[in-house]
Amino acid sequence: MTNATHDQTVSLRKPVADNIIARFSQALVAFAERWFPDAYVFVLIAVIAVAVGAILHGGSPLAVSRAFGDGFWNLIPFTMQMALVAIGGYVVAMSPPVAAVLARLASVPKTGRGAVVFVGVLSIFLSLLNWGLSLIFSGLLVREIARRTDIRLDYRAAGAAGYLGLGCGFTLGITSSAAQLQANAGSIPASLLPITGVIGFSETILTWQNMVTVVMVTVVSAAICYFTTPAPEQARTAEDLGVALGDDRIEAPKPARPGDWLEFSPLLTILIALLAAGWLWQTFQSGNPLITLSGLNTYNFVFLILGIVLHWRPRSLIESFSKAMPSVSGVLLQFPFYAGIAQILTKVPNGSGTTLSDTIAHWFVGASSNSTVFSFLVGIYSALLGFFVPSAGGKWIIEAPYIMKAANDIGAHLGWTVMVYNIAETLPNFINPFWMLPLLGILGLKSKDLIGYTSVQFFIHFPIVMLLAAILMATFSYHPPILP
């Protein structure tokens, strides 16, 4: 090899550093690839950190141990739901009709960098409708784009873009658990109702302030995707990462014996679809279909029935279901540990009878002097707790009593306080791989492959959205809780 050829080869291997964001991104990517542990190791570290914190807070070691064991299985229904979110999305996406849509969408981007931006924006848009659809569809779209031979796609950057909906989008849309709970008097716990009243969507997700926030996070996210995606010569494709893409489409075998005919006949599919149609009609005609669909059980039922119909023949569905199973291994292994973390944080009191989560929350709330400062501090706290309890809004029940009481005392708008919580609580998802697990299973990657890119999103988004939420709080006027 000549010196000139050697120098050219070395130059191609050097990280692209054409702007400060690219340099920052590649530094984090290099750090994550070298030092970030597997998601399972990450959750074990988080368990130990929270356990030590609870003991230092005054909880007894025995109480911490008991809380960990008592809470370990609390997320089993949710774990099953999440597993079926991944499987249902995978099954639907591998059906012939949806596979054709994915292929058509995958042909839209003209460059690898454009593909990353395209996936990121689509991920955020879909998350406003349903976070499960965003996560699974985006992952399968990345795989489809990665099969193209006319562009060089950085598989890691594209995978991270497919995660944007879970990092900064879904709680701003119709699947916001906190906004849904506060909009329905029957869902609000009796002890919480006098504090918050009923807060309709017109004061939360449908405000112009929330629309501004959605536009802002989408534009910022797209810009980060653009500037952090490596140039083609530096891109690491799925092949470079050792990921076998193959073909996700199902090629069902031919019937081999007379007893196989039902597996290859649409008869049972038609009968099951008719049976499900009655329940679906009764469920969706009673309210807003998007709100109805955001319930995990309903969502999973719809997607499973949809998958059955789209595959048409039972054998095709069986094959796709089996192919989807590896995508949920991380979910089944790790979610129980997060349930233990939540139990330690919220159920281990110190000598004064307060838990670690209470103490953290009261410190932030007590430091507020006006509604703007209150908004900023609540956002920081929500993000901090969200790092250890990534609950997709379920932890609002824990935080709402003291946060909303403080909002009433300070004169902060109750609806926007809910949205400040929503804006902040998902940001830690960028650096906590909890929600990333189904996506990692689909992509065939490890959390360290994406964290470098998603961390850039976190560090840039955090100050921007926290400041935006605090500024927008000043555009609201406080009114007391509205009781039904």
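**Values against cut-offs**

A: D240 has 40% relative accessibility, so D240 counts as partly exposed. The bands are these: buried is under 20% relative accessible area, exposed is over 50%, and partly exposed is in between (1.4 Å probe, protein chains only). This is a predicted model, where local features need pLDDT of at least 70, side-chain atom pairs count only at pLDDT 80 or more, and totals for chains, interfaces and linings use all residues. Residues are numbered from 1 along each chain as its sequence is written, and side-chain values use heavy atoms, with hydrogens and water left out.

Q: What makes the meeting of R152 and D240 a salt bridge?
A: A salt bridge needs a side-chain nitrogen of Lys or Arg within 4 Å of a carboxyl oxygen of Asp or Glu. The side chains of R152 and D240 meet at 2.8 Å, N to O, and this is a salt bridge. The pair links distant parts of the chain, 88 residues apart. R152 sits in the loop between α8 and α9 (155-161), and D240 in the loop between α13 (208-228) and α14 (267-284). Helices here are DSSP runs (H or I, at least four residues), numbered from the N terminus.

Q: Which side chain does E144 meet in a salt bridge?
A: E144 pairs with R147, at 2.9 Å from N to O. E144 has a relative accessible area of 22%, so E144 is partly exposed. R147 is partly exposed as well, because its value is 22%.

Q: How many salt bridges does the rule give?
A: The count comes to eight. One of them joins R156 and D154 at 2.8 Å, N to O. Both of these residues are buried.

Q: Why is α8 described as largely enclosed?
A: Of its 16 residues, 14 are buried, so the rest of the structure largely encloses α8. A146 lies in this helix. A146 is buried, because its relative accessible area is 18%.

Q: What does T171 touch?
A: Contact means heavy atoms within 4.5 Å. Not counting residues up to four places away in sequence, T171 touches S176, M419, N422, I423, E425 and T426.

Methods:
Helix = DSSP H or I, 4+ residues; strand = E, 2+ residues; numbered from the N terminus.
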